[in-house]
Amino acid sequence: RNEDYYRYYGVGADRLFRSPHCVDNAFFARAAEAARLAPDGLRREVGLADDAIVFVFAGKLIEKKRPLDFLMALEEVRRAHPDVRGLIVGDGPMRGEIEAYQQQHDTGCVIAGFLNQQEIARAYVAADALVLASNGGETWGLVVNEAMACGTPAIVSDAVGCAPDLIDEGRTGFSYPCGDVSALADRMARLAALGPAGRRALGRQAADRIAAYSPHAAAVGVVDAMNALSTTQPRAQPMDSNHVDAVS
């Protein structure tokens, strides 16, 4: 049906226009810079040491985001890297289950609760990397865009929609098989082993990658597509009802 639609307008079924999924990168970059300059950051508020290696989970505490995978991976990686800590930013129906798990296991994780869009950059700046462990229900994962715009790399499940676009292995972060807690712990350990300079390099490369996923780039893609339709000859004639049914 889509092929018929493109041919009808003379665009050609093989011609695509890129309009990337995006956030306001400039807003998050400014918020991140302000958070870095603030005298008391989120780490101190929640009791995380300045020299800890911090992984942040940011999102609603629901099944599809697999927050328990995050906690189990923290527990595993801390056996070799006791300086690794976790930060959960968000709330939801799984909070009680998460708190119960923390009481029984050495996750090194604290829960900051919900932070709105004006505050969330403080969490990304407080972390060395974002972890998004979601299943395939996470069709993109704009939280990754937000973190990268703040200069924070990401470790992302391969079931998350943005993984093929935003994760350049070992440069903007890492990916791993969804649900494989040991693989997630391995990627966290790899990032922890990079040292401060290596982690900062990943953050810079993440910011460079996300620059192409901007509102401007999205708008340009839409305009280019509309221009291609409006300038293609011959111009389309009004569809009759049978044709509308065939391509709708």
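Reader: Why is Arg187 called buried?

Author: In this predicted model, Arg187 has a relative accessible area of 15%, and since buried means under 20%, Arg187 is therefore counted as buried.

Reader: What makes the contact of Asp186 and Arg187 a salt bridge?

Author: The side chains of Asp186 and Arg187 meet with 3.0 Å from N to O, and because a salt bridge requires a side-chain nitrogen of Lys or Arg within 4 Å of a carboxyl oxygen of Asp or Glu, the pair qualifies. Asp186, at 32% relative accessibility, counts as partly exposed.

Reader: How do you know that Glu138 and Lys65 link distant parts of the chain, and what makes them a salt bridge?

Author: The closest N and O atoms of Glu138 and Lys65 are 2.7 Å apart, and because the cut-off is 4 Å, the pair is a salt bridge. Glu138 lies in the loop between strand S4 (129–132) and helix H7 (142–149), whereas Lys65 lies in the loop between S1 and H4, 73 residues apart; both Glu138 and Lys65 are buried.

Reader: Why are Glu99 and Arg95 separated by about one helical turn?

Author: Glu99 and Arg95 are separated in this way because they stand four residues apart in helix H5 (residues 95–104). They form a salt bridge, with the closest N and O atoms 3.0 Å apart.

Reader: What makes the phi of Arg66 worth a remark?

Author: Arg66, in the loop between strand S1 (53–58) and helix H4 (67–77), has a positive phi of about 50 degrees although it is not a glycine. Most residues other than glycine have a negative phi.

Definitions and conventions. Residues numbered from 1 in each chain as written. Predicted model: local features only at pLDDT ≥ 70, side-chain atom pairs only at ≥ 80, totals over all residues. Heavy atoms only, no water. Helix = DSSP H or I, 4+ residues; strand = E, 2+ residues; numbered from the N terminus. Buried < 20%, exposed > 50% of the residue type's maximum accessible area, 1.4 Å probe, protein only.
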